[in-house]
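Visitor: I would like a guided tour of this protein. Please keep it brisk, with the cut-offs stated.

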Amino acid sequence: MTDIATRATRRVASPGGRRRLNGGGPRAGTVLAFVFPFFLPFVLFYLVPVGYALWQSVRVVRRTGGQYGTSYTTFGGFEQYTKVFQNDEFWSSVGRIGLFGIVQVPVMLFVALVIALLLDTPLLRLKSVFRVTAFMPYAVPGVIAAIMWSYLYSPQLSPVVDLLNGIGLKPDFLGPGAVLWSAANISTWLWTGYNMLIMYSALQSIPQELYEAARLDGATNWSIAWRIKVPIIAPSIILTTVFSIIGTLQLYAEPAVLRQISSNISSTFTPNMLAYAVASGNNYQQAAAISVVIAVITFVLSFGFMRLTSKRAGL
């Protein structure tokens, strides 16, 4: 078998073998026909907007003849970025969203992992019902979910608040110390099922023979879950964590909706809200610079986390 494999390898590596393989392969035009439907939207709706944002971020508006003179746009280098880094509201929003991610992301992924492990255990009944129930919140649009939860948070409308007030707890879900976690609760409710589905799909690919061998060695369901299943699906956990980091830095819908009923959420509550508020003031160059900085922070955090965890996991 070794000699046969060696001769086959040599035939493929020979010039004649390469000619035969290339002759039987797809033509360049066929490859382009398949790639073009993806490549064109990718360029138009991703590369072009990114390039335009970068271009806008290095331009500034100048005026001739004083404050009420004629305005013109010119190249400003890193002037917009300097203003971003000197903006206290920007750093406050980054710190707020950092605290949000440090707490919300681990809690959400832990809940998603526990649900995925429960769905994968043979002891659970009605798995399809629980799987659909856990995934169903993801089917709700983010704005609709935020509106629904804002109704439950409102002191004037919420039956939950009335019930808790009746037993003497008197919660203030929209207060200055709680409104960030109220938004975190909406995100957790909305995205736990999505992350659970990724982890559960990874669990389904594990061979059942591995569990049977572990049980023969005396392993319990608990030890199988945390010593076999979790290490094997570590790549999926890393992937969901990277997605969650990216989503955290893009947080907008939940606080923007809660802002309509709470004075404790400003227009600069998150970095994305700050960029929108600046753009609403017709300062598109400054908003573009903020967006670029957010994108760089997102890339550094997500790529750095992936590199760090991949090395530790041996991936």
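**A buried charge pair, and onward**

Guide: Lys229 is buried, and Asp120 is buried too. Buried means under 20% relative accessible area, exposed over 50%, and partly exposed in between (1.4 Å probe, protein chains only). This is a predicted model: local features need pLDDT of at least 70, side-chain atom pairs count only at pLDDT 80 or more, and totals for chains, interfaces and linings use all residues. Residues are numbered from 1 along each chain as its sequence is written, and side-chain values use heavy atoms, with hydrogens and water left out.

Visitor: How far apart are the closest N and O atoms of Lys229 and Asp120?

Guide: Side chains of opposite charge can pair when their charged atoms come close. A salt bridge is a side-chain nitrogen of Lys or Arg within 4 Å of a carboxyl oxygen of Asp or Glu. Lys229 and Asp120 form one, and their closest N and O atoms are separated by 2.8 Å.

Visitor: Which helices does the pair of Lys229 and Asp120 tie together?

Guide: Helices are DSSP runs (H or I, at least four residues), as are strands (E, at least two), both numbered from the N terminus. The two residues are 109 residues apart in sequence, so the pair ties together separate parts: Asp120 lies in helix H5 and Lys229 in helix H11.

Visitor: Which residues do salt bridges with shared partners join into one network?

Guide: The structure holds 3 salt bridges. Arg62 meets Glu79 at 2.9 Å, N to O. Glu79 also meets Lys83, at 3.7 Å, N to O. The network is therefore Arg62, Glu79 and Lys83.

Visitor: Where do Arg62 and Glu79 lie?

Guide: This pair links distant parts of the chain, 17 residues apart. Arg62 counts as partly exposed at 31% relative accessibility, and Glu79 is partly exposed at 24%. Arg62 sits in strand S1 (residues 59-64), and Glu79 in helix H4 (residues 79-85).

Visitor: Lys83 and Glu79 both lie in which helix?

Guide: They are 4 residues apart, about one turn of the helix. Lys83 is partly exposed, with a relative accessible area of 42%. The helix is H4.

Visitor: Which residues touch the most other members of the largest nonpolar core?

Guide: A nonpolar core is a set of buried Ala, Val, Leu, Ile, Met, Phe, Trp, Tyr and Cys residues joined through side-chain atoms within 4.5 Å. The largest one has 22 residues. Those touching the most other members are Leu113, Ala116, Leu117, Met196, Met199, Leu203 and Ile233.

Visitor: Which elements give two or more residues to this core?

Guide: The largest share, 8 residues, comes from H5. The elements are helix H5 (88-120), helix H9 (179-204), helix H10 (208-216) and helix H11 (221-232).

Visitor: How many aromatic pairs are there?

Guide: Rings of Phe, Tyr and Trp (its six-membered ring) pair if their centres lie within 6.5 Å; planes under 30 degrees apart count as stacked, over 60 as edge-to-face and the rest as tilted. By this rule the count is 15.

Visitor: What kind of aromatic pair do Trp149 and Trp189 form?

Guide: Trp149 is buried at 17% relative accessibility, whereas Trp189 is partly exposed at 28%. Their centres are 6.1 Å apart, with 70° between the planes. The pair is edge-to-face.

Visitor: What kind of pair do the rings of Tyr153 and Phe173 form?

Guide: Tyr153 is buried at 5% relative accessibility, and Phe173 is partly exposed at 23%. The ring centres are 5.4 Å apart and the planes lie at 40°, so the pair is tilted.

Visitor: What is the accessible area of the nonpolar surface patch that includes Val35?

Guide: Patches are made of residues with over 30% relative accessible area and no salt bridge; like charges are joined within 9 Å, nonpolar side chains (Val, Leu, Ile, Met, Phe, Trp, Tyr) within 5 Å. Val35 is in helix H3 (residues 28-57) and counts as partly exposed at 39%. Accessible areas come from the Shrake-Rupley method with a 1.4 Å probe; for residues, only the protein chains shown count as cover. Together the patch residues, including Val31, Phe34 and Val35, have about 970 Å².
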